[in-house]
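Student: I have a structure to go through. Can you take me around it, beginning with the terms?

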Amino acid sequence: MCRRCRELGHFESVYKRQKPTSGTTRKPGRIYNVENGTTSNKEESTEEKETIPAQTKVYYAFYGGNDSNVLSGIIGGVAVNVLIDSGAEANLIRLETWEILKRMKVTVLASTKASSRVLKGYGSDKPLDVVGTFKAEVSIGRRKAMAEFFVVKGGQKDILGDATAKKLGMLKFGIEVNNVRAESKPFSKINDVKAYITLNPETRPVFQPLRRVPIPMEEAVNRKLEDLLKRDIIEVKQGPATWVSPLVISGQASGEPRICLDLRRVNEAVVREHFPMPVVDEYLTRLSKGKIWSKLDIREAFHQIELDEDSRDVTTFITNKGLFRFKRLPFGLVTAPEIFQRIMEEILSGCVGTYWYLDDVIYEGEREGVCGFETKGERK
């Protein structure tokens with residue numbers, strides 16, 4: 001918005017480059033006076049300073065009846081319950097609380113009677129009745145800070161303002177708030193189970209070139225590769241390479257990139273197992289007998305299946321950091337769903353009331369208060 005004509009789309013500096021012409025009129029700007037709440041149509045000078053003198057600045061404070069942000073703090077060595085208000089520019093102490101603090105021999109660095117500064121509640125033109133100010137040390141938990149408090153008459157709550165609350169760590173601002181990062185550990189795998197990939201011996205290996213990753217995503221992709229290495233899902237490819245596939249980067253709801261492989265050329269050479277996949281309609285018919293159902297979703301299901309050493313070279317992929325290959329069953333392989341479904345069949349076969357479709361497992365309970373698997377007539 002232009003500060004001169006109050007219209008959108010240009011800045012005030014455009015008027016300095018224009019030559020004045022006769023008959024040209026300028027739309028008057030609107031100036032709002034915070035102190036007296038009046039408006040005027042006087043033209044705003046381009047050389048006018050927008051700074052407000054300290055003695056005329058208005059400090060706002062507001063209490064809306066919300067006690068969920070009330071914490072116990074210590075002001076000058078005396079315990080006081082204060083309301084954390086991110087919209088308040090000043091720290092307020094009620095006159096009644098100030099009298100209690102004095103009787104408790106509060107420790108202050110300085111105090112004054114009355115104040116030249118103006119405090120108002122939001123939406124109110126009437127200033128608050130400030131009877132004095134004082135400076136004292138305030139602490140909440142282990143953090144301490146020096147703060148100035150305004151003693152007001154007729155206040156509703158003792159308020160800790162935005163600036164002091166941030167110094168004490170009660171308020172935080174930024175994208176890293178509540179961001180917890182854990183060290184990457186080797187990803188779990190199903191013991192004593194390995195997957196084999198059978199290729200048609202008549203098919204010639206294909207070495208596909210590198211697909212460049214967009215520069216804004218390079219750092220995130222490299223970080224993802226390091227994470228896969230630490231989790232023992234991929235490894236650096238050593239020695240000559242036959243099959244090499246490019247990377248495909250897709251986004252996730254969390255904002256992190258998902259690394260996939262373009263295995264279309266590899267899939268043309270894979271000999272499938274053709275393991276029969278379940279029919280969803282059949283499962284829905286069988287699930288109608290129970291009363292309680294529990295659903296289990298296996299995390300990164302394919303990666304929990306270890307690849308046989310002789311089958312890893314076919315999953316080799318190329319990046320700007322070199323060649324890598326998968327140690328676990330990768331997503332995108334045409335035979336991966338059939339391999340995983342067969343392994344789940346071997347693990348869960350015989351479990352009464354249990355049905356599975358790839359990484360989704362549903363357990364059906366016949367009555368309330370009973371859960372678990374029934375295998376060979378025994379409940380476990």
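Tutor: Ring pairs come first: rings of Phe, Tyr and Trp (its six-membered ring) pair if their centres lie within 6.5 Å; planes under 30 degrees apart count as stacked, over 60 as edge-to-face and the rest as tilted. The model is predicted, so local features need pLDDT of at least 70 and side-chain atom pairs count only at pLDDT 80 or more, while totals for chains, interfaces and linings use all residues. Residues are numbered from 1 along each chain as its sequence is written, and side-chain values use heavy atoms, without hydrogens and water.

Student: How many aromatic pairs does the structure hold?

Tutor: There are 6 aromatic pairs. One of them, F302 with F331, is stacked, at 5.0 Å centre to centre and 25° between the planes.

Student: Where do F302 and F331 lie?

Tutor: F302 is in the loop between β16 (292–297) and β17 (306–307), and F331 is in the loop between β19 (322–326) and α7 (336–348), so the pair ties together parts 29 residues apart in sequence. Helices (H or I, at least four residues) and strands (E, at least two) are DSSP runs, numbered from the N terminus.

Student: Is F302 buried or exposed?

Tutor: F302 is buried, with a relative accessible area of 10%. Buried means under 20% relative accessible area, exposed over 50%, and partly exposed in between (1.4 Å probe, protein chains only). F331 is partly exposed, at 39%.

Student: What about the rings of F302 and F340?

Tutor: Their centres are 5.6 Å apart and their planes at 55°, so that pair is tilted. This pair links distant parts of the chain, since F340 sits in helix α7, 38 residues from F302. F340 is buried, with a relative accessible area of 1%.

Student: Which residues do ring pairs link into a cluster?

Tutor: W98, F134 and F149.

Student: New topic. How many residues does the largest nonpolar core have?

Tutor: It has 39 residues, and those with the most contacts inside it are I234, F317, L329 and L333. A nonpolar core is a set of buried Ala, Val, Leu, Ile, Met, Phe, Trp, Tyr and Cys residues joined through side-chain atoms within 4.5 Å.

Student: Which elements give two or more residues to this core?

Tutor: They are α4 (215–230), β15 (257–261), β19 and α7. Helix α7 gives the most, with 6 residues.

Student: And what is L329 in contact with?

Tutor: Leaving aside neighbours within four places in sequence, L329 is in contact with A195, F302, H303, I305, L307, A336 and I339. Contact means heavy atoms within 4.5 Å. Apart from this core lies another, of 20 residues, among them V80, I93, I140 and L160.

Student: Where is the place of V131?

Tutor: V131 is in strand β9 (residues 129–140), and V131 is partly exposed, with a relative accessible area of 31%. The C-alpha atoms of V131 and V152, 21 residues apart along the chain, are separated by 5.8 Å.

Student: Finally, what does the secondary structure of the protein come to?

Tutor: It comes to 7 helices and 23 strands. Buried residues make up 36% of the 380 residues.
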